[in-house]
Every structure is written in C-alpha cells, then in structure tokens.
Amino acid sequence: MAEIRLEQLRHVYSQGTPFEKVALDCINLTIPSNQLLVLLGHTGSGKSTLVQHLNGLLKPTSGSVLLDGQDIHRSKQALHETRFQVGLVMQYPEYQLFEETVYKDIAFGPSNMGLKGSELEEHVRLGANFAGVSEELFDKSPLDLSGGQKRRVAIAGVLAMKPGILILDEPTAGLDPAGCDDILANVKRYKEETGSTVILISHNMNAAAAIAERIVVVCKGNIALDGTPDEVFARARELREMGLQIPDATTVRLLLRDKGFAMPDGISTAQELVDAVMALKGGKN
Amino acid sequence: MLKDVTLGQYFPGDTIVHRLDPRTKLFCVVLYIVEIFTANTVCGVLLSIATLVMAVLLSKTTLRQLMKGMKPLLFIIILTGLLNLFYTTGDTLVKIWFLTITRQGVYKSLQMVSRIIMLICGSFLLTLTTSPLSITDGLERLLNPLKKVGLPVHELSMMMSIALRFIPTLMEETDKIMSAQKARGADFETGSIFRRARALLPVLVPLFVSAFRRADELATAMECRCYHGGEGRTRMKELSMHTRDALCLLLFAALLGAVITLRVLGI
Ligand SMILES: Nc1ncnc2c1ncn2[C@@H]1O[C@H](COP(=O)(O)OP(=O)(O)OP(=O)(O)O)[C@@H](O)[C@H]1O
Ligand SMILES: [Mg+2]
C-alpha cells in the first residue's frame, strides 16, 4: 500500500519572533505499509507536530515528507489527495463536529472525496462500525452526545475515508478503561482487515506494549529510541530519564530480577510476564 | 498561522518603554498625536520624527515589527501621497501629460505621508510594548472619573479585557478546527467566493459552540470566586507612577510645547 518517509524534517513554530520554538529538530523516519507504530514521548516532545506533517497540515521548515517516494507538497492537488490517504484524528477531536446529525458529520470526509449514494453510505457505516458508533445515534445531533460518544463519532469521521494510513493522536485520552481497550481493539482490527498502516500516539504504556509492532520514542524534537516493544522497553532507565513510564509488566520483571530471579529481557505485557513466571516454575502449576 | 496576524502585537521585553506605566504611555501617545498634527514646519516635522526614532530605539523595536503594522495600511499611505502630490495647486514643477506636480504638492504630500506613518508607528509602538491587559487597566483608571456621570467604566473594561484575553484562544481554536476539517478534506482555498464562504461553515459552527461554552464556564468560574462587579474591588497589581513616568510626561509635554512654538514662529 503506502510507505511514508520523513527526511531531515525540522519544524520551527513562530520563526523569527521572540516566541520561536524548535518543535522538531531533525527527524528521519520510514514507516513501511501495514505497520502498527506507537509514538511515545513526554508532553511537549513534538509528537502532535510530527504527525501533523504526515498529512501535510503543517509544512516542514526544512526537510521533506515523502508518500510512496513523492513529496506531498509538490502540488495543491497532491496535498489534497494526501489528506484522504493519510487520515489524521487530531488530539481531542470532539470539537470538530458541526453537522446537524451524526450521520452527516461522519459523511463529511467521504463526501469531500466525491463519494455519493450507496458508496458514501457504505463508507459511513464502515467508519461507524470501526469506531464503535452504534447506528441508533445516526439521527442525533452530535452536540447531544456524551464526551466519549463524541470522540467516537470524530474518529468515525476519519475512518469513513478508509485511509491507507491512519493516525490517531491520543485517541483514548480521558476515556474510561473499557472504552480505551475497545477503541484500541477496533484500531487493531481496522489495521488487520484493511491492511492499513496505523500510527498511534499514546501515553498509556500498557496499551502501547500490548498492541505496538514498533515503538518510536520522541524526545525534545528528536527520535530517541526506535524498535520493537521488547527492544524499547528493555531500555527502562533511559525511558525513565526521558520522563516516561514503563509498562507494569516490565516494572514487575525488573523487581523480580532485583530479587534474584532469572527473568528474560523483553517483557512488556501481562501475558509475557505470566509465561516467564511459568517457565521459572518449570511449566508446572 | 492565524495567531500571527492578530492583535497579538505585544512583544514582551524589558526596556524602559516596556516598564512605563500604561497611563503614561497612553497620555504620551495622545500628546504625540497632537504634536504630529501641530507640526507644520520643517523643523517641527523633523522634531516629531526624532521623537519617534528615540522611542523606537529605546524600546528596541525592530524595523520589521513596525513594517508589519504598516503593511495593511500601505495602500492608504500611498494613495494619500499620490493624491496630495497631483491635486495641489501652486507653482508647477513638472508637467507630464495631464498630471502636474507642484512645489506645494510635493511639500504637502511629504507632510501627509510622514504624518500618517508617524501616527501609525506611534500608536503601534504603544501596542507593541504594552500588553493589552495593561492598556485596559490604564484606560479604566484614566476613565474612572466618568463613573460619576454613570458610565459603567469597570464593566466596560472588564468586557474589554475578557475579549482581549480570549482573542488568542479563539484564534488558536480556529486554527485547530480548520486543521481538523482540512484533515477530513475540507478545502478553504479554492472555488468561488460563495463556495469558500460555505466551506467556512464547518469551522464557524464548532467555533461558536465552543465560544458559548467558554463564556458559560467563565461566568460560572467568576461567580464561584465571588466576582460581584467593580464595587469595592481591589487589584493585585496596582498601577503606580514612578519618576520615569513623570520625566516621560514632562518630555512629551516639552516636545509639544517646542512644536507649538515652532509653528507660531513659522520655522
Ligand atoms: N501552534 C503552536 N505555536 C507555537 N508553539 C507550538 C504550537 N504547537 C505546539 N507548540 C510547541 O511545540 C512543542 C511540541 O508540541 P506538540 O504539540 O507537538 O507536543 P506533544 O508531544 O504532542 O505533547 P502532548 O503529549 O502534550 O500532546 C511544544 O513545546 C509546544 O509548546
Ligand atoms: Mg500532542
């Protein structure tokens, strides 16, 4: 499907004023298709800035963003099409709802793509399904929904464009644990069923460890760590120095190892921890 | 960025001009404007320009910041210059086709253009070096006597500070909403005016919704902290006049006096 590449990406906010701020310093990153990548980083490290470059909402101060080897800023037309290929759910997306009904709001993206009739309806239903918006809500006003429901409608609005690359900026911030798990499970399902790439920003380490295929850690506008969850969470000390937590399972593993148990490296989920403990006991119950 | 093109002209700094009391600066701007319009001799105009240059240098304002304020008015400045240049009667200097340039025209046009530029730069300097909040504070204090005749000075200035406080917030929010809609393929840049106006709907609706929500929340928050209007209200940051304010006022009054003298003497 689509590979996205960032080359020497640098972004400076309010350049040339006293408020100048280097948000991204020098980012080189290649994301192959059909990968589930989780972006981690301390607040203010530049994650949101980074993902807003991927669909061309922000223009790099220097460097380039390549989608399948072509610069997305090469023409207005190309940029417009990139927006449909790279779907971005912004941080706290519920403020973007504006239509009279939930259905119309979800249909905003796909109808901007030029879809009509049954094809449009199919896209809307697909988006709603993956975001967990039940069809009873379709005729309601988005303003009458609860916070969590609004969030789902906003996510559905992006999913309905069936983007080949889906980016979610902290989709679960402020939701209840069950809602978080549900959204993440649906995102994973979207990736598997459509073969899309998914880029997820999260502050929840347990969730990140559970679903990520690859983790990229951003620190002060640079990429600090990049690897599989096992590789990244093995560097617990560095993560802590960057002000990040480590998954609970990794914490337990470190504590057990300090107590003298021979624990293998690379434990980041509860299941891996259970397996390791079982192995210690020789596989017996 | 939308944020860069708004009232947010204030550039924080720590120069003597920044530290002056807002009331002093407001007064000085008024004095300066009178000075500009009184000056009708070469010496007077030069003195007014010198005053401005001094203030700009003291405030460490860059030419670029001033130009940014001038840009939207550039058209008017040029138009004024040209009209005065061609439509003043007097001793002919040059005659091109039907356009005549007179000595008086050149003089008048230079005078008008320099007046407008000084006027813009002078008032722009005030907003560049004074935060909007201190300007409203200063205004409130200056207008205080009008309370006696029933003008709700405190309420007006509170409204103004709240408006000023929320302009950047709303701008930021507009930016965010526009980004979110652009991410869903909204197109604000192409098409006819009518289409573009329609395209703004997905931005305006959420913006109004959130502005009303914010207003509501702010009112509740103010009530929770026992806000009850201006009666008997004290301030955390009392404005206070220092020696530098007195000196500054004296200086501007003296400059105005000098310009008036020059005008009377006609040099
Ligand atoms: N519109 C803007 N104008 C100026 N500076 C900005 C703007 N947006 C972000 N910044 C600055 O850029 C830096 C990176 O911000 P960014 O939003 O990318 O962080 P983040 O990693 O997403 O943080 P969080 O986890 O809190 O969402 C921050 O220091 C922030 O202050
Ligand atoms: Mg962010």
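Visitor: Hi! Which protein atoms are the donors of the magnesium ion, ligand 2?
Guide: They are OG of Ser48(A) and OE1 of Gln91(A), lying 1.9 to 2.4 Å from the ion. Donors here are N, O and S atoms within 2.8 Å of the metal (3.2 Å for Na, K and Ca), and water is not among the atoms, so sites may look incomplete.

Visitor: Where in the chain do Ser48(A) and Gln91(A) sit?
Guide: The pair links distant parts of the chain, 43 residues apart. Ser48(A) belongs to helix α1 of chain A, and Gln91(A) to the loop between β6 (86-89) and α3 (102-112) of chain A. Helices (H or I, at least four residues) and strands (E, at least two) are DSSP runs, numbered from the N terminus.

Visitor: Before I go on, what kind of model is this?
Guide: This is a predicted model, where local features need pLDDT of at least 70 and side-chain atom pairs count only at pLDDT 80 or more, while totals for chains, interfaces and linings use all residues. Residues are numbered from 1 along each chain as its sequence is written, chains are lettered from A and ligands numbered from 1 in the order in which they are written, and side-chain values use heavy atoms, with hydrogens and water left out.

Visitor: What does helix α1 of chain A pack on?
Guide: A sheet. Its four strands run in the order β2-β1-β4-β5 (chain A), open and with antiparallel pairing. The edge strands, each pairing on one side only, are β2 (21-31) and β5 (70-71) of chain A. Helix α1 (residues 47-54) of chain A touches β1, β2 and β4 of chain A, and its direction makes about 125 degrees with that of β1(A). Contact means heavy atoms within 4.5 Å, and strands pair if DSSP finds at least two bridges between them.

Visitor: How many bridges join β1 and β4 of chain A?
Guide: Five, in the antiparallel sense, between residues 4-13 and residues 62-67.

Visitor: Switching to chain B: how is it divided?
Guide: Into domain 1 (1-130 + 237-267) and domain 2 (152-233). Their centres, taken over C-alpha atoms, are separated by 33 Å. The bounds come from an automatic or database domain assignment.

Visitor: At what angle do helices α8 and α10 of chain B cross?
Guide: Roughly 140 degrees, with the axes of α8 (residues 153-183) and α10 (residues 201-224) of chain B coming within 10 Å. Axes are lines fitted to C-alpha atoms, for helices over the stretch in contact, and angles run from 0 to 180 degrees between N-to-C directions.

Visitor: Which residues meet there?
Guide: In α8(B) they include Phe166(B), Leu170(B) and Ile177(B), and in α10(B) they include Leu207(B), Ala211(B) and Leu218(B).

Visitor: And why does strand β1 of chain B lie largely in the open?
Guide: Because the number buried among the five residues of β1 (residues 92-96) of chain B is zero. β1(B) pairs with β2 (residues 99-102) of chain B over four antiparallel bridges, with Lys95(B) opposite Thr100(B).

How values were computed: Buried < 20%, exposed > 50% of the residue type's maximum accessible area, 1.4 Å probe, protein only.
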